[in-house]
Amino acid sequence: MLLEIVSPEASLFKGEITSISLPGVDGSFQILNNHAPIVSLLQKGTVTITAPNFDFNKETASLFTKVNDQNYSIAISSGTIEMKDNKVIVLAD
């Protein structure tokens with residue numbers, strides 16, 4: 001599935017992933033390939049991305065923390081997530 005993470009300042013990440021874990025306002029949740037459409041608010045926490053490989057923008061790579069070879073994380077203070085047609089868009093602050 002395709003993931004885009006966008007902040008008010010820049011596009012932070014765009015690429016193919018296998019899963020994403022997010023800090024929802026009602027608790028953490030994970031989205032996998034072919035997930036049902038969803039829109040949710042996010043709270044302060046960590047977004048963890050799982051993918052076979054990562055291609056970060058040079059300008060935004062320093063915002064991500066490597067967990068292991070297939071997982072990276074990024075801290076957010078709040079945001080919104082939309083999943084539809086195997087495309088995940090995270091609007092993060």
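Biologist: Where is Asn86 found?
Modeller: This is a predicted model, in which local features need pLDDT of at least 70, side-chain atom pairs count only at pLDDT 80 or more, and totals for chains, interfaces and linings use all residues. Residues are numbered from 1 along each chain as its sequence is written, and side-chain values use heavy atoms, with hydrogens and water left out. Strands are DSSP runs of E with at least two residues, numbered from the N terminus. Asn86 is in the loop between strand 9 and strand 10.

Biologist: Is Asn86 buried, partly exposed or exposed?
Modeller: Buried means under 20% relative accessible area, exposed means over 50%, and partly exposed is in between, with a 1.4 Å probe and protein chains only. The relative accessibility of Asn86 is 24%, so the residue counts as partly exposed.

Biologist: Which value does phi of Asn34 have?
Modeller: Asn34 sits in the loop between strand 4 (27-32) and strand 5 (38-42). With 62% relative accessibility, Asn34 is exposed. Its phi is positive although the residue is not glycine, and the value is near 65 degrees.

Biologist: Which side chain does the side chain of Glu4 join in a polar contact of 3.0 Å?
Modeller: Glu4 belongs to strand 1 (residues 2-6) and is buried, at 16% relative accessible area. A polar contact is a pair of N or O atoms within 3.5 Å; within protein, one must be able to donate a hydrogen and the other to accept it, and residues adjacent in sequence count only if both atoms are side-chain atoms. At 3.0 Å, the partner of Glu4 is Lys87.

Biologist: How are the rings of Phe13 and Phe54 arranged as an aromatic pair?
Modeller: Rings of Phe, Tyr and Trp (its six-membered ring) pair if their centres lie within 6.5 Å; planes under 30 degrees apart count as stacked, over 60 as edge-to-face and the rest as tilted. A search of the whole structure gives seven aromatic pairs. In the pair of Phe13 and Phe54, the centres are 6.2 Å apart and the planes make 50 degrees, an arrangement that is tilted.

Biologist: Why does the pair of Phe13 and Phe54 tie together parts that are apart in sequence, and by how many residues?
Modeller: Phe13 lies in strand 2 (residues 11-16). Phe54 lies in the loop between strand 6 (45-50) and strand 7 (65-68), so the pair ties together parts whose separation in sequence is 41 residues.

Definitions and conventions
Helices (H or I, at least four residues) and strands (E, at least two) are DSSP runs, numbered from the N terminus.
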